[in-house]
Amino acid sequence: MDLSFNIGGAAGQGIDTIGDLLTQVFVKAGFYTFTIKDYESRIRGGYNFTQVRVSDRPVFAPADEIDVIVALTLEGAVNPRKQLVKGGVIILDESVEIEDREPCHFSAPLEKTAKEIGGSDKMTNAAALGALLSVLNFPFSLLEESLRGIFQKKGDKVVTSNVAVAKALYDLTSEKFKGTCKTSLSSIEKGPCKDRLIMTGNTAIALGAMAANVKWASAYPMSPSTGMFQDIITNAQRLTIGALQPEDEIAAMCMAVGASYAGARSIVATSGGGFCLKVESLGLAAMTETPIVIYEAQRPGPSTGLPTRTEQGDLLFVAFASQGEFPRIMIAPKDPVEAFETAGRAFNLAEYFQVPVIIMGDQFMAESSMNIPRLDVTKIQVDRGKLEPPETQGLCLRYRLTDDGISPRSFPGDKGKIVVANGNLHFENGHITEDAGVRKAMVEKFLKKVPGIRAAMRPPTLYGKKNAKTTLLTWGSSWGAVYEAMSTLAGRHVSVNQLHYCDVYPPKTELLRDIIEKGARVISVEGNATSQFASLVRMESGLTVETHVNKYDGRPLTRGWVLSKLKEVGVA
Amino acid sequence: MIPIEELEGVQKITWCTGCGNFGIIAALKKALSELNIEHENVVVISGIGCSGKVPHYINLNAMHSLHGRAIPIATGVHAVNKDLRVIVHVGDGDTLGEGLGHFMHAARRNVRIAVFLHNNGVNGLTKGQFSPSAPRGYVSKTSPPPPGAPMNPVNPVGLAVAGGATFVARAFSGDQKMLVDIMKEAIMHEGFAFVDILQPCVTWNKDLTWAFYNKRVYSLQKENHDTSDKMKAIEKSLEFGDRIPIGVFYRETSPDLSSGLSLPKDGRLRDHMTDKRELQALIDDMVL
């Protein structure tokens with residue numbers, strides 16, 4: 001079983017909540033889900049959709065084809081039409097007038113019934129659910145059981161009215177829908193999946209940061225990173241976290257640098273445009289060796305670009321941003337499970353090496369959701385790195401020269417200590433100098449951190465069989481679609497595997513070197529136009545990836561798209 | 001009380017002979033030596049420019065940071081450790097230029113930091129270009145005659161009052177006693193304190209000189225200015241000609257930023273440990 005549903009309509013019509021409820025019902029019934037939200041940069045109108053993919057096996061990417069469409073507007077019916085499978089169904093709210101009526105169309109009084117039976121148009125989601133699952137012959141008992149579980153916390157009244165609305169549409173559809181649906185789930189039982197936590201990348205990063213004892217978060221609203229900051233600030237009071245939306249991106253970053261200098265774990269959230277503005281203080285964090293975690297949820301640029309869409313186009317920008325030369329770390333989690341763990345690890349790396357750590361997300365990773373096992377906060381451990389002992393008194397050697405380039409930290413307010421940080425070239429005690437010898441020593445201090453950082457980076461993960469003839473090279477959120485494509489090809493006995501990077505900078509390249517030296521053909525698959533990761537790898541290792549597959553239309557990769565592109569380069 | 005000798009700067013001062021900054025650093029040392037604060041609980045955040053070098057000429061916790069950005073950095077420092085008294089030393093070049101937005105927002109936020117603006121009308125360290133506080137017509141390398149600087153100066157005192165700062169004053173580097181008193185009040189003020197410090201740049205500014213100010217400054221307090229009257233304070237901020245008012249323009253008591261943040265009831269945010277069971281409960285609530 002691998003089904004997909006597309007709920008489409010205008011912004012403000014509650015597309016999200018229908019999609020969310022549908023996802024919840026299937027999760028509750030024991031299935032794997034993958035949900036994407038596709039929306040325009042506007043508050044009302046336009047065409048938005050939520051795509052829910054459901055399977056009895058884990059799924060990691062959006063689908064290419066749709067089995068059932070629910071449309072609240074004409075665009076909702078027309079726009080995804082070409083993706084509809086043969087034998088698929090389009091359920092329209094009866095208010096939608098469509099000229100070219102097809103047998104697959106079914107008009108249903110979704111909003112009307114929601115109001116009449118449920119007492120509110122908010123119940124349209126239960127109505128849509130009833131119609132959709134009726135078309136599929138999904139047992140009503142299973143739907144009812146799921147709805148009861150989902151709404152029980154909200155009280156009997158909510159449960160009863162949701163069930164009643166769903167039932168009304170379920171029965172009405174059974175009676176009136178005369179078309180055919182290729183899929184029947186009439187004999188379906190509870191699915192195998194026990195994972196009941198529906199999670200986005202944004203929320204997972206927020207939870208990971210909170211588990212890592214983040215104490216300061218500042219961010220200026222910028223899609224698609226805003227959800228991460230909202231998740232922190234929503235829980236700020238409950239967990240005692242300083243969080244503030246300041247006047248701009250620059251202030252957000254400066255506040256976090258100040259908070260970290262004063263001893264608190266600090267994070268900022270932004271997208272590429274905001275990161276541009278933060279670059280000045282990124283340099284300050286680097287020069288003052290103030291640990292900082294930056295979450296950069298990429299969207300297509302340059303400039304405002306496509307504000308609500310996805311791309312992996314900022315990799316090289318982030319790797320090289322700021323004047324001067326200094327070490328930094330970049331990590332690109334592939335999914336919510338990895339995002340949680342990555343956020344926790346980012347703080348330890350930032351504080352251990354006293355460098356900026358950038359978590360590279362993107363709109364797809366940030367806002368798509370899947371059901372995952374319960375996240376365990378005890379898995380995130382806090383390591384604050386080298387700290388100056390209390391016995392040290394007076395002016396600290398905040399930038400003491402050491403073998404590994406890392407100096408013990410202390411904070412203003414530490415008893416009997418004075419701590420001077422400086423964005424200018426400085427002596428070991430933080431005070432300003434222009435001395436050539438000190439300059440050389442301080443640059444070398446930065447360089448000395450690099451071997452330690454390289455050692456701390458995780459190697460890439462090889463998926464599929466070893467020694468395949470073709471290796472697909474991926475990073476970050478491109479993992480899922482490419483993994484599904486690779487698995488499909490492997491099932492057809494094509495000799496292909498996948499080498500995937502989470503820790504993208506500095507990258508560990510030994511395994512890749514081994515693969516290339518053994519004669520495998522390596523193909524990079526990236527969500528950008530210029531194969532930035534392949535370039536970065538070449539710069540770091542001299543290894544050349546000859547073949548590239550690139551997606552740069554602002555939409556996420558899918559298995560079908562990857563397969564078609566691989567076919568073009570002779571892998572099929 | 002910090003013994004004044006403990007505040008002795010780590011480095012030799014590099015400001016020009018006769019610079020107005022000497023009076024500022026002397027007053028800062030005196031003010032801190034007279035206040036009841038622990039040495040480790042004072043932090044100076046400075047910007048970039050001649051004023052940015054303050055941290056090296058006084059022995060305090062410090063960050064010598066970025067042009068225009070000292071105020072938001074200081075805000076972060078304050079939020080995570082309210083035991084600290086955070087003092088910001090900046091110039092007119094940085095805070096009235098790139099940093100003007102941060103300045104205004106800090107004022108409306110009423111964040112508990114004290115901002116000391118070294119105001120000399122020029123970008124001194126870059127060798128004498130006109131700054132945002134230079135008068136219209138001011139002649140410098142980047143504002144050649146005619147017409148000199150083709151714009152009016154920023155009015156920092158007026159902006160601070162209008163913006164919501166809860167302690168606003170102007171002092172003159174040449175009037176030590178008043179400067180020390182104002183600094184002490186600003187440092188201990190429970191909100192955003194702003195002090196515009198008139199400070200001649202003897203090398204570059206041939207207009208705003210010691211003689212210029214000595215002839216014009218007068219004390220608002222000696223003229224019984226009502227510091228609780230916001231409109232009066234703004235009116236006084238517009239007076240900058242033959243007579244230049246110095247002293248406290250405006251003060252009020254109102255909730256500061258930290259009262260609106262989720263800080264611990266006792267102790268410093270920097271030491272707070274998130275209750276992991278609480279976070280786990282939050283996650284478990286999300287499980288269907």
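View 1. Helices here are DSSP runs of H or I with at least four residues, strands are runs of E with at least two, and both are numbered from the N terminus. A contact means that the C-beta atoms of two residues, placed from the backbone, lie within 7 Å.

A word on bookkeeping: residues are numbered from 1 along each chain as its sequence is written, while chains are lettered from A and ligands numbered from 1 in the order in which they are written. Because the model is predicted, local features need pLDDT of at least 70 and side-chain atom pairs count only at pLDDT 80 or more, whereas totals for chains, interfaces and linings use all residues.

**View 2. A sheet with strands from chain A and chain B.** This open sheet of 9 strands has mixed pairing and the order 17(A)-2(B)-1(B)-3(B)-4(B)-8(B)-7(B)-10(B)-9(B). Strand 17 (420-422) of chain A and strand 9 (217-219) of chain B are the edge strands, each pairing on one side only. From one strand to the next, the twist averages 20°. Two strands count as paired if DSSP finds at least two bridges between them. Strand 17 of chain A runs parallel to strand 2 (residues 61-64) of chain B, with 3 bridges joining them. Look for A:A421, which stands opposite B:M63 in strand 2 of chain B. Elsewhere in chain B, strand 3 (residues 85-91) and strand 4 (residues 114-119) pair in the parallel sense over 5 bridges. There, B:H89 has B:F116 of strand 4 of chain B as its bridge partner.

**View 3. Where chain A touches chain B.** The contact takes 64 residues from chain A and 51 residues from chain B. On the chain A side, helix 10 (residues 249-261) of chain A gives the most, with 9 residues. That side of chain A divides into 35 nonpolar, 18 polar and 11 charged residues. In this tally Ala, Val, Leu, Ile, Met, Phe, Trp, Tyr, Cys and Pro are nonpolar, Asp, Glu, Lys and Arg are charged, and the others, Gly among them, are polar.

**View 4. Domain 1 against domain 2 in chain A.** Chain A is divided into domain 1 (2-193), domain 2 (200-376), domain 3 (394-456) and domain 4 (461-568), with bounds from an automatic or database domain assignment. The centres of domain 1 and domain 2 of chain A, taken over C-alpha atoms, are separated by 34 Å. Their contact takes 12 residues from domain 1 of chain A and 8 residues from domain 2 of chain A. Strand 2 (residues 32-38) of chain A supplies 6 residues, the largest share of the domain 1 side. Strand 2 of chain A is also joined to strand 14 (residues 369-372) of chain A by 2 bridges, and the two run antiparallel. A:F34 has A:M370 as its bridge partner in strand 14 of chain A.

View 5. A:I66 lies in strand 4 (residues 66-71) of chain A. A:I66 is buried because 24 other C-beta atoms lie within 10 Å (20 or more make a residue buried, 12 or fewer exposed, and anything in between partly exposed, with C-beta atoms placed from the backbone). Leaving aside neighbours within four places in sequence, A:I66 has contacts including A:F5, A:L84 and A:V85.

**View 6. Strand 22 of chain A and its partners.** Strand 22 (residues 521-526) of chain A is largely enclosed by the rest of the structure, because 5 of its 6 residues are buried. Strand 19 (residues 470-475) of chain A runs parallel to strand 22 of chain A, with 4 bridges joining them. Strand 23 (residues 547-550) of chain A also pairs with strand 22 of chain A in the parallel sense, over 4 bridges. A:S524 stands opposite A:H548 in strand 23 of chain A.

Conventions
Axes are lines fitted to C-alpha atoms, for helices over the stretch in contact, and angles run from 0 to 180 degrees between N-to-C directions.
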